[in-house]
Amino acid sequence: MNGVRILITGITGFVGSHLAEFALARGVEVIGSLRWRSKTEHIEAIRSRLTLVESDLRDMMSVRTVLEQALPDYIVHLAAQSFVAASWQTPGETFHTNVISQMNLLEAMRQLKSSARFLVIGSSEEYGLVLPTELPIRETNPLRPLSPYAVSKVTQDLMGYQYFKSYNMHIVRARAFNHSGPRRGETFATSNFAKQIAEMEAGLREPVVHVGDLKPTRDFSDVRDIVRGYWTLLERGTPGEVYNLCSGVDWSIERVLAFLIGKSTLPHIEIRQDAARLRPSDVPILRGSREKIETNLGWRGTIPLEQTLTDLLEYWRQRIAARPR
Ligand code: A2R
């Protein structure tokens, strides 16, 4: 795809690094925005092939500068306070980062008359409280957000709709359900469990895995499938429309943990619930319908969750083995 330029905000994050790899493999020119203090470990292997621009997206002037420098054809706005649990501690910061950053980007695009395609990254958390009769969750389901993070994502989502309607901008909205894989932030349950197990295997902690509520179920996809889905939406998604990206299958957190423990080399691992890991209100069940994106655009995930979790555990084993002792 010679000549196409993509701007990835939050390129140093979990999804950003995978999307950058995906785009580079297609011959696309990748420009990434990061903050001066962003950790760059996830993009070290591809850094020489990227153009990196510093910007705190909450600052309008620096967002304009990024757009003027990048002159993108596609923008995937991944930068965010991405962690639901942290949003209870810092609701204001979560809202400010997630909502104002996207508004700055869309306003700067408008001011600079950018005709770039823009992908809004929403979340299954937007659906929040889902009635059993509403499963699997379609895009038409009511949005009943249950966390400050979810409210920020609803706002980003509807803002994308409003800018599309008001200014006829090429904006497609994605609602990604849970995704995991190598480089997942350690605050997320899948990655946190895998890291704890890898540390136990390395003899760095006792064989006790600390957990929160194991009952909720989530619809997991592999991050490598999700970035392929984002690409599909950029290329062929209908502007103004919203699409679920999901597997259509839900696993309880308990089942995820049991799978990872089963992959461990240790004979026995104790499971201990930690009150600090429980949330004020949690979404009990999230299982999506992928019918719209599959029927209209032909996307579906291909990597089974067992593979994703195996790769995630291996990622942590390697990271821990590489740590200086
Ligand atoms: O915090 P940093 O400097 O390491 O960079 C993170 C970036 N970010 C920002 N960039 C510019 N200005 C900001 N004010 C700002 N705040 C955060 O967003 C990092 O590069 C990225 C988030 O990466 P992760 O936490 O690993 O999130 P992940 O899983 O890649 O999520 C991507 C998207 C987000 O919209 C999530 O809410 C959604 O997928 O699930």
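The crossing of helices H2 and H4 is right-handed, meaning that the near helix is turned clockwise from the far one by less than a right angle, with anticlockwise giving a left-handed crossing. Please keep in mind that this is a predicted model, in which local features need pLDDT of at least 70 and side-chain atom pairs count only at pLDDT 80 or more, while totals for chains, interfaces and linings use all residues. Residues are numbered from 1 along each chain as its sequence is written, and side-chain values use heavy atoms, leaving out hydrogens and water. Helices (H or I, at least four residues) and strands (E, at least two) are DSSP runs numbered from the N terminus.

**Helix packing**

- Helix H2 covers residues 60-70, and its axis comes within 9 Å of that of H4, crossing at roughly 55°. Axes here are lines fitted to C-alpha atoms, for helices over the stretch in contact, and angles run from 0 to 180 degrees between N-to-C directions.
- That angle makes H2 oblique to H4. Under 35 degrees counts as roughly parallel, over 145 as roughly antiparallel, 65 to 115 as roughly perpendicular, and the rest as oblique.
- On the H2 side, the contact (heavy atoms within 4.5 Å) is made by Met 60, Val 63, Arg 64 and Leu 67. H4 brings Asn 104, Leu 105, Glu 107, Ala 108, Met 109 and Gln 111.
- By class, the residues of the H2 contact with H4 are 6 nonpolar, 2 polar and 2 charged. Ala, Val, Leu, Ile, Met, Phe, Trp, Tyr, Cys and Pro count as nonpolar, Asp, Glu, Lys and Arg as charged, and the others, Gly among them, as polar.
- Helix H8 (residues 253-263) packs against helix H10 (residues 305-322) at an angle of about 55°, with the axes 10 Å apart. H8 is therefore oblique to H10, and the crossing is right-handed.
- Arg 255, Val 256, Phe 259, Leu 260 and Lys 263 of H8 meet Leu 305, Glu 306, Leu 309, Thr 310, Leu 313 and Arg 317 of H10. This contact of H8 with H10 has 6 nonpolar, 1 polar and 4 charged residues.

**Salt bridges**

- Side chains of opposite charge can pair when their charged atoms come close. A salt bridge here is a side-chain nitrogen of Lys or Arg within 4 Å of a carboxyl oxygen of Asp or Glu, and the count comes to 29 salt bridges.
- One of them joins the side chains of Glu 29 and Arg 5, at 3.0 Å from N to O. Glu 29 lies in strand E2 (residues 29-34) and Arg 5 in strand E1 (residues 5-9), so the pair ties together parts that are 24 residues apart in sequence.
- Glu 29 is partly exposed at 39% relative accessibility. For this term, buried means under 20% relative accessible area, exposed over 50%, and partly exposed in between (1.4 Å probe, protein chains only).
- Glu 186 and Lys 195 form another side-chain salt bridge, at 2.8 Å from N to O. Glu 186 is partly exposed at 37%, whereas Lys 195 is buried at 15%.
- Arg 323 and Glu 199 also meet in a salt bridge, at 3.4 Å from N to O. The two are 124 residues apart: Arg 323 sits in the segment after H10, and Glu 199 in helix H6 (residues 189-201).
- Arg 323 is partly exposed, with a relative accessible area of 34%, while Glu 199 is buried at 9%.
- Salt bridges link Glu 186, Lys 195, Glu 199, Arg 205 and Arg 323 in a network.

**Backbone features in loops**

- Leu 135 and Pro 136 are joined by a cis peptide bond, with omega about -10°. Pro 136 is in the loop between strand E5 (117-123) and helix H5 (148-167).
- Lys 113 is not a glycine, yet its phi is positive, at about 55°. Lys 113 is in the loop between helix H4 (91-111) and E5, and it counts as exposed at 72% relative accessibility.
- Arg 183 also has a positive phi, near 80°. The loop between strand E7 (179-180) and H6 holds Arg 183, which is buried at 15%.

**Around Met 169**

- Met 169 lies in the loop between H5 and strand E6 (171-176) and is buried at 9% relative accessibility.
- Not counting residues up to four places away in sequence, Met 169 touches Leu 106, Met 109, Tyr 163 and Phe 164.
- The C-alpha atoms of Met 169 and Arg 110 are separated by 8.5 Å, although the residues are 59 apart along the chain.
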